Amino acid sequence: MSPEEKDARYAEAAQNIAAVLAGEPDPIARMATVACLLSQALPYYFWTGFYRVDAEKPDELVIGPYQGTLGCLRIPFGRGVCGAAAASGETQIVADVHAFPGHIACDSRSRSEIVVPVRDARGRLIAVFDVDSLEVGSFDERDADWLQRILEASFSVPASAPAEAG
Ligand code: SME
């Protein structure tokens, strides 16, 4: 997909997400909405969803709202791409998951992946947002920038006053 088309699709998704989330405080409802609207907006999104930091086990991720085939239920911090994003607090872009040590293959058809940390208004890590594609090299810095902006607008500002992303 051309950079211009990516920008156009992300910009439209960001506007739709901000409009739908306005006034909705529940974080699971917000996660479900973000996963749905992004997976509909970007044709190369094969698996799209959240792994949440488990309140009972703060060094473990547990599955949250997602769109796609069956996802693994739990991922310890430090394992796989999601665990690396949670442990480091940094976005992970993996062009070829077969080359990533410890990658967790929930669906063996996934070939590339991006995982973005999600923080609340106090800056605490609450989840990671994971997208898998069937093709190698689907994700780049443009995806990372847009996803970081959309996730920040959706989860890092008070729910009563949602900011517009994009
Ligand atoms: N591939 C991920 C696991 C989650 S799924 O793909 C849904 C990882 O290695 O973190």
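Two strands pair if DSSP finds at least two bridges between them, and the strands themselves, like the helices, are DSSP runs numbered from the N terminus (helices are H or I with at least four residues, strands are E with at least two). What you have open is a predicted model, in which local features need pLDDT of at least 70 and side-chain atom pairs count only at pLDDT 80 or more, while totals for chains, interfaces and linings use all residues. Residues are numbered from 1 along each chain as its sequence is written, and side-chain values use heavy atoms, with hydrogens and water left out.

Begin by selecting the six strands, which form an open, antiparallel sheet in the order 3-2-1-6-5-4. Strand 3 (74-76) and strand 4 (92-94) stand at the edges with a single partner strand each, so one side of each is left without a neighbour in the sheet. From one strand to the next, the twist averages 25°, where angles run from 0 to 180 degrees between N-to-C directions and axes are lines fitted to C-alpha atoms, for helices over the stretch in contact.

**Across the sheet, pair by pair**

Select strand 1 (residues 47-53) together with strand 2 (residues 60-67), an antiparallel pair with five bridges, and look for Tyr51, which stands opposite Ile63 of strand 2. Strand 1 also pairs with strand 6 in the antiparallel sense, over six bridges, and here Trp47 stands opposite Asp132.

Moving on, strand 6 and strand 5 run antiparallel and are joined by eight bridges; among the facing residues are Pro117, whose bridge partner in strand 6 is Val128, and Arg119, whose bridge partner there is Leu125. Where these two strands form a hairpin, five residues lie between them, and Gly123 takes a positive phi near 85°. On to strand 4, which three bridges join to strand 5 in the antiparallel sense, with Ile93 having Ile114 as its bridge partner.

Now pick Ser133, which belongs to strand 6 (residues 125-133) and is buried, with a relative accessible area of 1%. Beyond its neighbours within four places in sequence, Ser133 is in contact (heavy atoms within 4.5 Å) with residues including Tyr44, Phe46, Arg109 and Phe139.

**Helices on the sheet**

Select helix 3 (residues 80-88), which lies across strands 1, 2, 3, 4, 5 and 6 and runs at about 30° to strand 5 (112-119). Helix 4 (residues 141-155) packs on the sheet too, touching strand 1, strand 4, strand 5 and strand 6, and its direction makes about 30° with that of strand 5.

**The ligand**

A polar side-chain atom of His103 lies 3.1 Å from a nitrogen atom of the ligand, and a backbone N or O atom of Ile104 lies 2.9 Å from a nitrogen atom of the ligand. In the side chain of Asp132, an N or O atom is 2.7 Å from an oxygen atom of the ligand. How much of the ligand's accessible area does the protein cover? The protein covers 99% of the 300 Å² that the ligand has on its own, an area that comes from the Shrake-Rupley method with a 1.4 Å probe.

Conventions:
Buried means under 20% relative accessible area, exposed over 50%, partly exposed in between (1.4 Å probe, protein chains only). A polar contact is a pair of N or O atoms within 3.5 Å; within protein, one must be able to donate a hydrogen and the other to accept it, and residues adjacent in sequence count only if both atoms are side-chain atoms.
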